[in-house]
Amino acid sequence: ASAADFAVIDVTGVGDLPEAPAALTLLPNRPNPFNPSTEIRFALPAAGRVTVRLYSAAGRLVATLADGERPAGPQAVVWRGLDDAGAPVASGTYFCRLEAGGRTLTRKLTLVK
């Protein structure tokens with residue numbers, strides 16, 4: 001996938017994300033269900049390595065939206081319903097998995113075409 005397929009958004013100051021959360025936070029994506037894209041918001045209690053990956057209901061890795069160092073505080077990535085090869089994925093249920101600081105959080109997303 002190209003850099004144009006994914007966007008990182010600065011969400012500093014967004015009211016529903018704490019500036020310095022006590023723990024890793026993964027908010028519900030919005031909108032959900034979605035088409036053609038959805039925003040995945042999370043907050044980190046400390047700077048460090050973060051991965052945000054999307055999996056099919058069958059457990060297959062579909063896309064990696066973030067994989068690298070991030071600062072503490074609110075963050076967001078946008079998924080445009082594409083796999084890592086840049087191809088559109090089918091309608092259905094997907095799982096967003098956020099990993100940071102030795103913790104893993106998961107949320108369900110629904111793509112409707």
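Mentor: Gladly, and let's begin with a term: a salt bridge is a side-chain nitrogen of Lys or Arg within 4 Å of a carboxyl oxygen of Asp or Glu. Please keep in mind that this is a predicted model, where local features need pLDDT of at least 70, side-chain atom pairs count only at pLDDT 80 or more, and totals for chains, interfaces and linings use all residues. Residues are numbered from 1 along each chain as its sequence is written, and side-chain values use heavy atoms, with hydrogens and water left out.

Trainee: What makes Asp67 and Arg49 a salt bridge?

Mentor: Their closest N and O atoms are 2.4 Å apart, and the rule asks for a distance within 4 Å, so the pair qualifies. Asp67 belongs to strand β5 and Arg49 to strand β4, so this bridge ties together parts that are 18 residues apart in sequence. Strands (E, at least two residues) are DSSP runs, numbered from the N terminus, as are helices (H or I, at least four).

Trainee: Which salt bridges does Arg53 form with Asp67 and Glu99, and how do you know that they count?

Mentor: The side chains of Arg53 and Asp67 meet at 3.7 Å, N to O. That pair links β4, which holds Arg53, to β5, which holds Asp67, across 14 residues. Glu99 and Arg53 meet at 3.8 Å, N to O, and here strand β7 is linked with strand β4 over 46 residues. Both distances are within 4 Å, so both pairs count.

Trainee: Why are Asp67 and Glu99 called partly exposed?

Mentor: Buried means under 20% relative accessible area and exposed means over 50%, with partly exposed in between (1.4 Å probe, protein chains only). Asp67 has 42% and Glu99 has 25%, so both values fall in the middle class.

Trainee: What makes β5 and β8 edge strands?

Mentor: Look at the open sheet of 4 strands, whose order is β5-β4-β7-β8 with antiparallel pairing. β5 and β8 each pair on one side only. β7 and β8 pair over 9 bridges, with Ala100 having Arg103 in β8 as its bridge partner. Those two strands form a hairpin with 2 residues between them, and Gly101 in the turn has a positive phi of about 55°.

Trainee: Why is the pair of Trp79 and Tyr94 called edge-to-face?

Mentor: Rings of Phe, Tyr and Trp (its six-membered ring) pair if their centres lie within 6.5 Å; planes under 30 degrees apart count as stacked, over 60 as edge-to-face and the rest as tilted. Here the centres are 5.3 Å apart and the planes stand at 70°, so the pair is edge-to-face. Trp79 in β6 and Tyr94 in β7 are 15 residues apart in the chain.

Trainee: Are Trp79 and Tyr94 buried or exposed?

Mentor: Trp79 has a relative accessibility of 0% and Tyr94 has 7%, so each is buried.

Trainee: What makes a nonpolar core, and which residues have the most contacts inside the largest one?

Mentor: A nonpolar core is a set of buried Ala, Val, Leu, Ile, Met, Phe, Trp, Tyr and Cys residues joined through side-chain atoms within 4.5 Å. The largest here has 23 residues, and those with the most contacts inside it are Ile40, Phe42, Val52, Leu54, Leu65, Trp79 and Leu98. Elements that give two or more residues to this core include β3 (38–44) and β6 (73–79).

Trainee: Which class do Gly81 and Ala57 fall into, and why?

Mentor: Gly81, in the loop between β6 and β7, has 4% relative accessibility, so Gly81 counts as buried. Contact means heavy atoms within 4.5 Å, and, leaving aside neighbours within four places in sequence, Gly81 is in contact with Pro36, Ala87, Pro88 and Val89. Ala57, in the loop between β4 and β5, has 60%, so Ala57 is exposed. With neighbours within four places again left aside, Ala57 is in contact with Thr93 and Phe95.

Terms used: Two strands pair if DSSP finds at least two bridges between them.
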